[in-house]
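Here are my notes on the model you sent over, point by point. Have the structure open while you read.

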Amino acid sequence: MKITRRIPVAAPGQAIDLLVQACPELSKGRLKDAMNKGAVQLVQGKQHKRLRRAQTEVSSGTVLELHYDEDILQRKAPEPVLIADERTYSVWFKPAGLLSQGNEWGDHLALLRQVEQHFANQRPVFLLHRLDREASGLVLIAHHKTMAATLSQLIQQQRISKTYRITVLGALAPALLQQGEINLPLDGKVSCTQFRLAAELQQPSRTVLDVALISGRKHQIRRHFAAVGHPVMGDPQYGEGNQDVGGLALQAVRLAFELPGKGARDYAVPANLLR
């Protein structure tokens, strides 16, 4: 069952009562579950806020939005792993299959919500960068506005070194390996992906590469390697003949940066979590 409902609030009342009246096909229990999982939002002007508490009093002139998808709400998310807790920020390993953040259909399948729950809602959470749902690896989460601004600036200035490890189809030509980068415009913008050989696999032929992004276009690594005839293994969207039961062979394995006033920081995926 999939339902989208926009409910203008004409008279003040409890959120759950208004939802029950507007959605008779759903039980109160299902509606409470949808609220808890982030599928209900309170709209006030241009502001959208997830509404989780069933007994919340909502005022007239506001709007409740419900995005109910039974299939999504029944799914269980893989659990992330805390790599480092630095108080004002933390570093997490996001497993494949976990979203970086939620959408209108909920946020219980998202890293950001799981981090929020891990800290018992006692810390704010600010997502600084994303990984595709199919990918795994390291993600930075800030817990203070000042730190969020600092880390965001480092990202914008390309002062956070991110290393990705990928496995691609086939053996790269010696000339391409020596070149060590792919320069192909994406979405009409200059795009550069640098890489170096990590391992060559035989039978079947595969190549493992360590990759650094000089620019950050959407799906840049996946699109670039598909374009040169060596798609990332397990990529469901780009390339042919690269199916892999292990899923997308793309992992963010290292984050390194200089934190102003606090020195160098270097985080790597533990060996037991490497793909």
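1. Start with Arg5, which is partly exposed at a relative accessible area of 25%. Its side chain meets that of Glu25 in a salt bridge, 2.8 Å from N to O. Arg5 sits in strand 1, while Glu25 is in the loop between helix 1 (15–22) and helix 2 (28–36), so the pair links distant parts of the chain, 20 residues apart. Glu25 is partly exposed too, with a relative accessible area of 38%. Keep in mind throughout that this is a predicted model.

2. Strand 1 has another charged residue to look at, Lys2. The side chains of Lys2 and Asp69 form a salt bridge at 3.9 Å, N to O. Lys2 lies in strand 1 (residues 2–8) and Asp69 in strand 6 (residues 63–69), so this pair ties together parts that are 67 residues apart in sequence. Are the two partners buried or exposed? Lys2 counts as exposed, at 57% relative accessibility, whereas Asp69 is buried, with a relative accessible area of 12%. Lys2 also lies over the face of Trp105, 4.8 Å from the ring centre.

3. A search of the whole structure turns up 18 salt bridges. One of them joins the side chains of Arg30 and Glu70, at 3.6 Å from N to O. Here Arg30 belongs to helix 2 and Glu70 to helix 3 (residues 70–74), and the two are 40 residues apart. Arg30 is partly exposed, with a relative accessible area of 36%. Elsewhere, salt bridges link Asp132, Glu134, Arg222 and Asp235 in a network.

4. Which residues touch the most other members of the largest nonpolar core? They are Ile141, Ile166 and Phe225, in a core of 29 residues. The elements that give two or more residues to this core are helix 4, strand 10 (136–142), strand 11 (160–169), strand 14, helix 7 and strand 15 (250–259). A second, separate core has 22 residues, including Leu18, Val40, Leu64 and Leu66.

5. Leaving aside neighbours within four places in sequence, Ile166 is in contact with Thr207, Val208, Leu209, Val211, Ile221, Phe225, Val232, Ala249 and Leu250.

6. Leu151 is in helix 5 (residues 145–156) and is buried, with a relative accessible area of 0%. Not counting residues up to four places away in sequence, Leu151 touches Tyr89, Leu128, Ile160, Phe257 and Leu259. For a sense of scale, Leu151 and Pro270 are 119 residues apart in sequence and 23 Å apart in space, C-alpha to C-alpha.

7. On to the rings: the whole structure has five aromatic pairs. In one of them, the rings of Trp92 and Phe119 have their centres 6.2 Å apart and their planes at 85°, so the pair is edge-to-face. Trp92 lies in strand 8 (residues 89–94) and Phe119 in the loop between helix 4 and strand 9, so parts 27 residues apart in sequence are tied together. Trp92 is buried at a relative accessible area of 2%, and Phe119 counts as buried at 11%.

8. Phe257 is in strand 15 and Tyr267 in strand 16 (residues 263–268), so the pair ties together parts that are ten residues apart in sequence. Phe257 is buried, with a relative accessible area of 4%, and Tyr267 counts as buried at 7%. Ring pairs link Tyr89, Phe257 and Tyr267 into a cluster.

9. Last, some backbone geometry to check. Gln203 and Pro204 are joined by a cis peptide bond, with omega about -5°. Pro204 is in the loop between strand 13 (192–201) and strand 14 (206–213). Phi of Ala120 is near 55°, a positive value in a residue other than glycine; Ala120 is in the loop between helix 4 (111–118) and strand 9 (126–127) and counts as partly exposed, at 47% relative accessibility. His219 likewise has a positive phi, near 55°, and is in the loop between strand 14 and helix 7 (220–227). His219 is buried, though, with a relative accessible area of 15%.

Note on methods: Residues numbered from 1 in each chain as written. Predicted model: local features only at pLDDT ≥ 70, side-chain atom pairs only at ≥ 80, totals over all residues. Heavy atoms only, no water. Salt bridge = Lys/Arg side-chain N within 4 Å of Asp/Glu carboxyl O. Helix = DSSP H or I, 4+ residues; strand = E, 2+ residues; numbered from the N terminus. Buried < 20%, exposed > 50% of the residue type's maximum accessible area, 1.4 Å probe, protein only. Contact = heavy atoms within 4.5 Å. Core = buried A, V, L, I, M, F, W, Y, C linked by side-chain atoms within 4.5 Å. Phe/Tyr/Trp six-rings, centres within 6.5 Å; stacked < 30°, edge-to-face > 60°. Lys NZ or Arg CZ within 6 Å of the ring centre and 35° of its normal.
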